Amino acid sequence: MMQKNIMLQIFTGGYLENNVTYNAIEEKICPLLQTGKIKGILIGWSIKTQVYEKVIQLVHSYDAECYLWLPVFSENGLLEKAEMLRDDTGNQVRSYALKEGENFEFYCPNQRNSKENVRHIYEKHFEKYTFDGLFLDKIRYGSFANGISGVFNCFCPACEKAYAKAGIDPAQLQAEMKKVREQREEYQKSPLGITGYVDGSYEFANPLWKQFFTWKSEQITKALEEIISYFRGKNMKIGVDTLSPFMAEFVGQDYKKLKGMVDFVKPMMYGITNAPAGLPFEYANLLQKTVPDGGENVRNIMNHILSIQNDSTTRMDKDFVREEVRIVCDHEIPVMCGIEINRIPGIVDVTPTYIQETMQELSKTQISGFVLAWDILSAPEENIEMLKNMIGKEN
Ligand SMILES: [Zn+2]
């Protein structure tokens, strides 16, 4: 097996939660740190806990790096004033509640406070710690998991101006979105009239969609550049959480634009997660929210477009997952592939066998390594045993 770097992801809870102890973290990560194969950890984002500096010292004692994990265009409304996205009908985009502390509501990247909140939160609550870098999560718009409005945005006054600058007529976009909502004939065949998918990029019957999604990725990139430049000024390294290419375009993430901006990307290749960013979950939402009565027929059409051979509603086709990882690797950014290793019954039922299969399969790609996500603290002992086994084997 080829050598891959390993990073661990630790969720200390949402901003206002306080349910982890240093001892619990130490107990969970020490057996893995002792393998000598752990390159770093990503930890965040509760402000109610005092564990950070002790964890940093522990991780540094194993010559590994410590990244602070912070959400960017989501969650920050709990602590600061934030402007929600406006959809094509003028309404605020609803959040998707996974559990307490993580609300999956999304803020407009064209609003000044959306960009400044992450900085303010860092300065107020985290600057005192000696983190090596920032791991930026939710650098994106909502997805179809937030309903069709999660993608049909933003139409706030700041965005209206940005459309004008880009030569896009928002009224034309809104008219096309209305056709999708009303399921006019051309939008009953495939999501948004998609006709093809090549190297992580969609082809649409109406080129307006391409213009719209390109515009969205430009807004995210512009905002992200500003945020990254602030943290680079503090000598911090930068990693970012990203969606699998087949979902990235819909949320304004463009891997081409991330090249040179970040130290690594962590595509979330969560093959069995039944929650936002989970591949089967996001895929089901893409189909159901764009063509509600499409059923098996539209699913088959989309499977064909995406080259999904072994379709299952609970586990994404492993050949498709490997191909998606290949697409990310082609962008010449170090790829730390995110795989789920935790267990939350009904949401993410990871077994040791799943971990073994996934790591073996994805090790064949050009990734730099794996991030064991998204929360090592909720991984059962048998999963940790398998990880020790897999990591120990690699050299
Ligand atoms: Zn906006």
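**Cavities, pocket and a helix pair**

I began with the lining of the largest cavity, which by class has 9 nonpolar, 2 polar and 6 charged residues; here Ala, Val, Leu, Ile, Met, Phe, Trp, Tyr, Cys and Pro count as nonpolar, Asp, Glu, Lys and Arg as charged, and the others, Gly among them, as polar. I note that this is a predicted model, in which local features need pLDDT of at least 70 and side-chain atom pairs count only at pLDDT 80 or more, while totals for chains, interfaces and linings use all residues. Residues are numbered from 1 along each chain as its sequence is written, and side-chain values use heavy atoms, with hydrogens and water left out.

The largest cavity holds about 180 Å³ of space, and of the 17 residues that line it, Glu102, Phe104, Met268, Pro276 and Ala277 lie nearest its centre. (On a 1 Å grid over the protein atoms alone, a cavity is a set of points where a 1.4 Å probe fits but cannot get out, a pocket is an open set with protein on both sides within 12 Å along at least five of seven lines, and lining residues have an atom within 4 Å of a point.)

I then turned to the second largest cavity, with about 120 Å³ of space, whose lining includes Met269, Arg315, Tyr354 and Glu361. Helix H11 (318-329) and helix H12 (352-362) each supply at least two residues of this lining, and H12 gives the most, with 5 residues. (Helices are DSSP runs of H or I with at least four residues, numbered from the N terminus.)

Next I looked up the largest pocket, where about 310 Å³ of space lies; 18 residues line this pocket, and Gly200, Ser201, Glu249, Asp254 and Lys256 are the closest to its centre. H6 (208-232) gives the most to this lining, with 4 residues, and the lining by class has 5 nonpolar, 7 polar and 6 charged residues.

Last, I followed helix H9 (residues 279-290) and helix H10 (residues 295-306), which pack at an angle of about 125 degrees with their axes 10 Å apart. H9 and H10 are therefore oblique to each other, since angles under 35 degrees count as roughly parallel, over 145 as roughly antiparallel, 65 to 115 as roughly perpendicular and the rest as oblique. In their contact (heavy atoms within 4.5 Å), Tyr283, Leu286 and Leu287 in H9 meet Val298, Arg299, Met302, Asn303 and Leu306 in H10.

Technical notes:
Axes fitted to C-alpha atoms, helices over the stretch in contact; angles between N-to-C directions. Points joined across faces, edges and corners; volume = space filled by probe spheres on them.
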